[in-house]
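Subject: Structure for your review

Dear colleague,

Please find below a structure that I am handing over to you. I would be grateful if you could look through it together with the notes that follow.

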Amino acid sequence: MASFTIRKGLNIRLVGAPEPEIADAPESTAVAVIPPEFGPIKVRLDVQEGARVRRGQALFHDKKNPAMRGTAPAAGVVTSIQLGPRRVVERITIQVEGDDVEPYPRLDPAAVRKADRAEILDVLLKSGLIQLIRQRPFGRAANPEATPKSIFVNGMATGPYQPDINVMIKGRETAFQAGIDALTKLTPGKVFLCLDGARQNAAALTDVKNAEVHTFEGPHPSGNTSVHISRLDPMKPTDVIWTVKAVDLLQIGHLLLNGEVPSHRIVSLGGPAVQEGRRKYYRVRIGQPLKTWLDPHLIKVETRVIRGDIFSGEKVAADDVVRLLDNGYTVLAEDRTRHLLGWAMPGFSYFSVSRAFLSPWLGGLKREWALGTNQHGELRPMVLTGLYDKYMPLNIMVDYVVRAVLANDTEEAIKLGILETLPEDYAVCAFACPSKMDLVGIIRKGLEDIEKEGI
Amino acid sequence: MKAFLEKHLEKIRPLFLPGGKFERLYPLHEANETFLLTPAEVTHGPPHVRDQLDLKRTMIMVVFALIPATLFGIFNAGYQHNLAHQVAGATFWDHFFKGLAICLPIILTSYAVGGFWEVLFAIVRKHPISEGFLVSGLLFPLTLPPTIPLWQVALGITFGIVIGKEIFGGTGFNVLNPALTARAFLYFAYPAQISGDKVWVSGPDGFTYATPLGIGMVPHAGETITETLEKAGFTFEKMLIGLEPGSIGETSVIACLIGAAILVLSGIGSWRIMVGGVLGLIFGSYLMQAIGSPNLKPLVDLPFWYHMVIGSFAFGIVFMATDPVSAAATNAGKWIYGFLIGFLILVIRVANPAYPEAVMLAILFMNVMAPLIDHYVVQAHIKRRARHVYA
C-alpha cells in the first residue's frame, strides 16, 4: 500500500453536502431506459411494444457488438418505445407489474473466486452491467474482446457533493468483495483499489482481499481515476485499462451473489438548491423518472439538476430517469444575478481562486460557499497562459493539448497524452479559466475524433 | 440604480438583436451593457459553476497596475516642463496639472482612435469588443515622449491595433505586443519626434536634455560612467524615483515596482518573466564586462543596478514582456523568454552604436521567438512523457 499526496487541484468548501444517511425514495409505477446513455451504439430492439418483460431481460442489443445488451431494470409491460430522428431509439418505457426476474447464475463468494473469465464476462454482458465497467482510453463501456492490463476501482470522490462509498458499503461488504474477486478474473494484471487518505475508511475497503489498496490525498481532481492510473500503472497510447467506481461495484457484486439484476441503487443528493434535511442518500428504483422523487426536495427557485459532480457532470433533462450509471445528483440554483460594474468592484462576496478580488485575500477560500450556475463573464479567446497547469495533477500541458485538439492535430494530442485523460480531468481548469473556455467539450471532441479515426 | 439599468438595458436590447434597427452595432451595445452590469449568462455545460474572474477583470487589473506609473508620469511631465521653463515656486499640484495638460490629450487620443478601430473591427467581424484594448490604449501613450504630436499618436495606435492585432484575428491571436508594435512603427517612421535629445521634455524651443542612455553613448575621459551620470544630475536615487526626462510612464522604477506587485499578487502578470528578465540583465552585465572590448559603449561599466533604473527596463519587463498573448506560454518558456529579454536589452545597450535604448526591440524580437521557445519546451515535454510511460 502506498499513499500519494496530490498538490495540484482545487478544493472549494461548499454548502449542501449530503448527510451520511440513507432514505427510501417513493417508487414510481413506470420506469424507462434511455439507450443513448450507453454511448455511440446502434440499438437493435429485442422486444416490441406490449411485450411482458422480466427484470434483467434483454430489451435491446448493439448491432455492431451483439454481446452488448441493455436489460429491463424492472418487470412489467413495455408500454412505449420512443423513436427520435432517423429512428434512433430514445426511450423504452415499462409499466411496472410484479417482480419476475430473469435468472442469472447465482454464485456464492467461493464460487466467484473459482469462476473463470468467460463465466464472469458472460454474466456481465447478458445482464448489461458490463456498462458499469469503463474502458480507457475514451471512457466507454468495457469491450469484452480486450484484455485490460489492470483494473482500477475508484473508492474515493473528491468532486463536490459526490457519494461516499463508506456510506453505501454498510451491510453490503460481501457484495463488494465478490465484485473485487470477479474483477481479478478479468485481467491478467492487478486490481487496484484507490481510497481517500483523508477519510476514515471502512474495514471492508482497507482490508479488501485480492486487490492492491492505495490512498490518495489532496484537492480535486486527486480522486479522478486518471490520476490514480498515472501514479500506479501509467498507460501507453495502445494500452487498455478498465475502471470501475466502487459504488458501482456493489451493483455487480449484488448481481453475482443473488443471480439477478438489481432493481434499485443508492444515489446521493446534494447541493445548495436541495432543502436542508433532504440532502442525503436515497435508495431509488433504477429507471425511475427523476421528477417524481426529486422535485419535493428542492427549494422553490429555478434549479439545475446535475448527474455527477458540478465540475464535470451532465445537466439532467426534465423528463430524465435514474440511469444505470448514476450514483449522485447535485442541484444548483440557476444564477442570473447581474453585478453593477463587476469589473471594478473589490469583490468581497465573489468566489474566486484568482487573487484579483479581495475575498481570496480575506480568507474567502476557507469560507463555505453556495455557488450558482452564473458563468461570470463571457466567452473570450485564450489569453492567460499557464493558469490551467495549477489544477492539473497529471503530467499534461493543458494549453497545448487544447490547442492540438482545436487545430485538429490528433497525432500531437496523443503525443501530449490526451488518451491518458478524460474530459472530466480538465473540468477544474475550465472552472478557473477567465476566458470561460469549454475545455471539457473541446477534450471530449478531441477524444471522439481520435476514437473515430483509430489510434 | 442597478434595477433601473437592468430595466433600461433590457428595453433597448431588442434594437441591437437580429432584425433590430441597430443590429450591426450589437458589439457596441454588448460592450456597454457588460461594462455596466456583469452578464446574466449561465453556464452551458460542464463545469456548471465558474470562477468569478473573467477577462474584463483580468485586463482591468493590468490597468490598475498601470495607474501608479501613469500618475507619476503625468506629474513628472509637468515637473520637467516647469523645470525647463524655470517656473519659480511651482507646487506639487502645479506640476500635476501642467502634466495633465500635456499627457491627457495623448492618452485620450490613444483611447479614442484605438477604440474606434477596435469597435469597427468588432462590428465588421461580428466579434465582441475586446477588453485587451483598454490595456494597449494606455500602455502605448506611456511609452511616448510628452512632446509627441497627437497625429502621430493616432497613427501609431492605428498601426498597433490594425497591423499588430486585428489582422491576426484580434486579442488572443496576435504575435506581437500591439502597444510595442505601435511604438516601433513611430520609432522607425518618425525618429525625429521619438528619439534624440530634444523630445523628452516639453521645454522651450530648442531645449535639449540628454537622457542617461544618451550620455552613456559617448565616452568621457578621466571619469567613471557613474560619475559622468551624476554630474549630469542622474543619481541612482533620482532615477529610481523617476524624476528624470523620458517617456511618460517609464521613468519611475518605484511606480513600475508597485505595478509589478499588483500584477504578481493578483496572479495576472507572470513573475517568471519578470525574474527571468532581471537575471538575464545581471548575467548580461557581468558577461559583457568580462568581455570588455574597446568597441563597447561606456555603459558597459555601469553596474547592473543602474541598468535596472535607467531607460525603460523596469516598465518594459513589468508591463510589456508579461503580455500573456505575445509572451511564451509554457512555464519553462517564460523563464527563457524573460531571461533572453533581459540579456538582449543589455547587449544592445552596450554594443549597438545606433540605438541608445533596447527594451522595445528586445521585447519585440522575443515576441517573435516566443513560439519557437514554446515549441522546444513542448517537444522536450513529449520526450520526457514518452520516457516516463514506456519505461
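Predicted model: local features only at pLDDT ≥ 70, side-chain atom pairs only at ≥ 80, totals over all residues.

Residues are numbered from 1 along each chain as its sequence is written, chains are lettered from A and ligands numbered from 1 in the order in which they are written, and side-chain values use heavy atoms, with hydrogens and water left out.

The interface

Chain B brings 62 residues to the contact and chain A brings 75 residues (contact means heavy atoms within 4.5 Å). Between them the two chains bury about 6,100 Å², of which 56% is on carbon and sulfur atoms (buried area is the accessible area, with a 1.4 Å probe, that two parts lose on being put together, summed over both). His48(B), Arg50(B) and Gln52(B) supply 14% of the area that chain B buries against chain A, more than any other three residues.

There are 3 salt bridges between chain B and chain A (a side-chain nitrogen of Lys or Arg within 4 Å of a carboxyl oxygen of Asp or Glu). Glu33(B) pairs in this way with Arg338(A), with the closest N and O atoms 3.0 Å apart.

The second largest pocket

This pocket holds about 850 Å³ of space. Pockets and cavities are found on a 1 Å grid over the protein atoms alone: a cavity is a set of points where a 1.4 Å probe fits but cannot get out, a pocket is an open set with protein on both sides within 12 Å along at least five of seven lines, and lining residues have an atom within 4 Å of a point. Grid points are joined across faces, edges and corners, and a volume is the space filled by probe spheres set on the points. The pocket is lined by 38 residues, and those closest to its centre are Met382(A), Arg403(A), Leu406(A), Gly172(B) and Phe173(B).

The cavities

The whole structure contains 8 cavities of 30 Å³ or more. The largest cavity has about 290 Å³ of space; among its 24 lining residues, Met59(B), Val62(B), Val135(B), Asp323(B) and Pro324(B) are the closest to its centre. The second largest cavity has about 180 Å³, and of its 22 lining residues the closest to the centre are Val33(A), Phe38(A), Thr71(A), Ile286(A) and Leu324(A).

With kind regards
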